[in-house]
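Dear colleague,

Please find the structure below, together with its sequence. My notes on what was found in it follow directly after.

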Amino acid sequence: MLAILIHYIEYIGRNMPPRPCALCEKAKAMVKRPKTGQQICRDCFFYVFETEVHNTITDAQLFKPGDRVAIGASGGKDSTVLAYVMKTLNERYNYGLELFLLSIDEGITGYRDDSLETVKRNQEQYSMPLKILSYEELYGWTMDSIVSQVGRKNNCTFCGVFRRQALDRGAAMLHVDHIVTGHNADDIAETVLMNIMRGDIARLGRCTAICTQGEDTIRRSKPFKYAYEKEIVMYAYFKKLDYFSTECIYSPDAYRGHARAFLKDLEAARPSAIIDIIHSGEVFEIKEEIKATQKVQQTCQRCGYMSSNALCKACTLLEGLERGMANAGITDRGKKQLLQADGPTPENLRTIPFFEFKPTSTPERIVIEPS
């Protein structure tokens, strides 16, 4: 997919008719924005891209001066551009943030080990402290070992659940106030479509939120909520940023791929479809009687992480792995089998360390003025 996007950028650059930039009207137009169709020069593209992200941040009042912010860094295009732009905006607009890179090593040989080398270079390039937390360190399992047990059908379920909790735990180790991730407009639109296709009302009601935070979790936000994937690739390409471009070797069969393919078809016919889907998701309202049927958030009895059940999803999945019933934690039927299974009691199983989140600060947010 990334190679196709880069080919698209090069094709547009070669075949764009000579004309002045639609914004500055001085330099030659080099870029046709997928988001608006404007033909602009590189410098104007950099400025409008950065300004739109800045406006997203200020409109949502994501930060306050003095915040310690961890950037979820995978080495890929989204997180690399996010780290670069966050550093740029922090300095340009004097946000007053202390920035860190936080990487999760899932243990995928030939993929994550290589991408982490990119993150380590980014650490030096952007002068940010880096924390790497591995699945093996936290759960006692790598994704390679998990896939050897479950196969490639449900491996993304394990990775998604484990990764989310690992990010919160890594951020707690860094004593940060906030995690920012590189989820872009395409990602969010795909999630809306996935939740509709699955009939997942609970997630549909919150998947477009730019910022989320539970009582026992660290504030998490998406500054790229309205940034198109193509424009992020264009930004990285023209800025010549150092990023890792290989897709995860275990993701080709992921359910998200169906939503992504459908979204690309919609975008080809109507470029505004991505933003339109996000706005549609933002105005969805869940009836009160439906809300009343949803489970109340509590904390996991075993590891202390947030959960809607006595055991969180990560603990349930880990117990299934430890008992040799890897797929048991995925379905309700499997969970019942897990509860009825013979074997060592939960106390004797390898478990996740207890999670304790202590907010570093709680003062009111100070508005950072938009440009």
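A residue is called buried when its relative accessible area is under 20%, exposed when it is over 50%, and partly exposed in between, using a 1.4 Å probe and protein chains only. The model is a predicted one, in which local features need pLDDT of at least 70 and side-chain atom pairs count only at pLDDT 80 or more, while totals for chains, interfaces and linings use all residues. Residues are numbered from 1 along each chain as its sequence is written, and side-chain values use heavy atoms, leaving out hydrogens and water.

Overall composition

The protein chain has 371 residues, of which 49% are buried. Its secondary structure comes to 15 helices and 10 strands; these are DSSP runs numbered from the N terminus, with helices (H or I) of at least four residues and strands (E) of at least two.

Salt bridges

Side chains of opposite charge can pair when their charged atoms come close. For a salt bridge, a side-chain nitrogen of Lys or Arg must lie within 4 Å of a carboxyl oxygen of Asp or Glu. The whole structure contains 25 of them.

One joins E229 and K77, with the closest N and O atoms 3.3 Å apart. E229 belongs to helix α10 (residues 229–239) and K77 to helix α3 (residues 77–92), so this pair ties together parts that are 152 residues apart in sequence. Both partners are buried: E229 has a relative accessible area of 10%, and K77 has 12%. K77 and E229 are also members of a salt-bridge network that includes D78, D186, K230, K264 and E267.

R112 and E106 form another salt bridge, at 2.5 Å from N to O. R112 counts as buried at 5% relative accessibility, as does E106 at 2%.

Nonpolar cores

A nonpolar core is a set of buried Ala, Val, Leu, Ile, Met, Phe, Trp, Tyr and Cys residues joined through side-chain atoms within 4.5 Å. The largest one has 42 residues, and those with the most contacts inside it include Y135, F162 and L321. At least two residues of this core come from each of β4 (98–105), α5 (135–139), α6 (143–150), α7 (155–174) and α14 (313–322). Helix α7 gives the largest share, 8 residues. Another core, of 41 residues, lies apart from it, with C41, I57, V81 and L82 among its members.

Taking contact to mean heavy atoms within 4.5 Å, Y135 touches I104, E106, M143 and F162, among others, when residues up to four places away in sequence are not counted.

Helix α8

Helix α8 (residues 185–198) has 14 residues and reaches 20 Å from its first C-alpha to its last, close to the 20 Å expected at 1.5 Å a residue; the expected span is 1.5 Å times one less than the number of residues. Of its 14 residues, 11 are buried, so α8 is largely enclosed by the rest of the structure. Among the buried ones is D186, which also belongs to the salt-bridge network described above. The cover over the buried residues of α8 includes α3, α9 (201–204), α10, α11 (256–269) and α12 (273–282). After α8 comes G199, whose phi is positive, near 65 degrees.

With kind regards
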